Amino acid sequence: MQGKNKERIESMKKIKQVRVDSNRLRDVIESAFLLVENRDRVALMKLLDTNSTIPITDIIDSRGYTLMHMICFKNIEEMGVFLLDKVA
């Protein structure tokens, strides 16, 4: 019985961590796209550096667009160069 309780506790910890990670990813996505909208390259750089465990390819909005899509749509060349350097 004690082994089952330990497994349940570990399972609950994993579920909680997944929720935290999911919420963090959602916050980073919202912030990153807002920074692109505002053309704030310095803040975007800081956000991506601070959250370097999140792959840039995972930062996708609800329409399926990546940061590079939005940067290209908005014709923000300096942000595009930065993002390419970041993933290279």
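A residue is called buried here when its relative accessible area is under 20%. By that rule, the buried residues of helix H4 are Met-79, Gly-80, Phe-82 and Leu-83. The structure is a predicted model.

**Helix H4**

- Viewed down the axis of H4, the buried residues fall within an arc of 160 degrees, so they line one face of the helix.
- The other side of H4 carries the exposed residues Glu-77, Leu-84 and Asp-85.
- In general, an α-helix has 3.6 residues a turn, so residues three or four places apart point the same way.

**The nonpolar core**

- The largest nonpolar core holds 19 residues, and those touching the most other members are Val-36, Leu-44, Leu-48, Ile-59 and Leu-67.
- Helices H1, H2, H3 and H4 each give two or more residues to this core.
- H1 supplies the largest share of the core, with six residues.
- Leu-44 touches Ala-32, Leu-35, Val-36, Leu-67, Met-79 and Phe-82, leaving aside residues up to four places away in sequence.
- Ile-59 is placed in the loop between H2 and H3.
- With a relative accessible area of 1%, Ile-59 is buried, because the limit for that class is under 20%.
- Leaving aside residues up to four places away in sequence, the contacts of Ile-59 are Val-28, Ile-29, Ala-32, Phe-33, Leu-48, Ile-54, Tyr-65, Thr-66 and Leu-67.
- From C-alpha to C-alpha, Ile-59 lies 17 Å from Asp-40, and the two residues are 19 apart in sequence.

**Salt bridges**

- The whole structure contains five salt bridges.
- One of them joins the side chains of Glu-37 and Lys-74, with an N to O distance of 3.2 Å.
- Glu-37 belongs to helix H1 (residues 2-37) and Lys-74 to the loop between helix H3 (67-73) and helix H4 (77-87), so this pair ties together parts that are 37 residues apart in sequence.
- Both partners are partly exposed: Glu-37 has a relative accessible area of 44%, and Lys-74 has one of 24%.
- Another salt bridge is formed by Lys-86 and Asp-49, whose closest N and O atoms are 2.4 Å apart.
- This pair links distant parts of the chain, with Lys-86 in helix H4 and Asp-49 in helix H2 (residues 41-50), 37 residues apart.
- Lys-86 is partly exposed at 31% relative accessible area, and Asp-49 is partly exposed at 43%.
- Asp-61 and Arg-63 also meet through their side chains in a salt bridge, at 2.9 Å from N to O.
- In this pair, Asp-61 counts as buried at 14% relative accessibility, whereas Arg-63 counts as exposed at 56%.

**The aromatic pair**

- The structure has one aromatic pair.
- Its rings belong to Tyr-65 and Phe-73, with centres 5.1 Å apart and planes at 85 degrees, so the pair is edge-to-face.
- The edge-to-face class applies because it takes planes over 60 degrees apart.
- Tyr-65 is partly exposed, with a relative accessible area of 28%, whereas Phe-73 is exposed, with 53%.
- Tyr-65 is also among the residues that Ile-59 touches.

**Positive phi angles in the loops**

- Arg-39, a residue other than glycine, has a positive phi near 60 degrees.
- Arg-39 sits in the loop between H1 and H2, and is partly exposed with a relative accessible area of 47%.
- Asn-75, which is not a glycine, has a positive phi of about 55 degrees.
- Asn-75 is found in the loop between H3 and H4, and is exposed with a relative accessible area of 65%.

Technical notes: Residues numbered from 1 in each chain as written. Predicted model: local features only at pLDDT ≥ 70, side-chain atom pairs only at ≥ 80, totals over all residues. Heavy atoms only, no water. Salt bridge = Lys/Arg side-chain N within 4 Å of Asp/Glu carboxyl O. Helix = DSSP H or I, 4+ residues; strand = E, 2+ residues; numbered from the N terminus. Buried < 20%, exposed > 50% of the residue type's maximum accessible area, 1.4 Å probe, protein only. Contact = heavy atoms within 4.5 Å. Arc of directions from axis to C-beta. Core = buried A, V, L, I, M, F, W, Y, C linked by side-chain atoms within 4.5 Å. Phe/Tyr/Trp six-rings, centres within 6.5 Å; stacked < 30°, edge-to-face > 60°.
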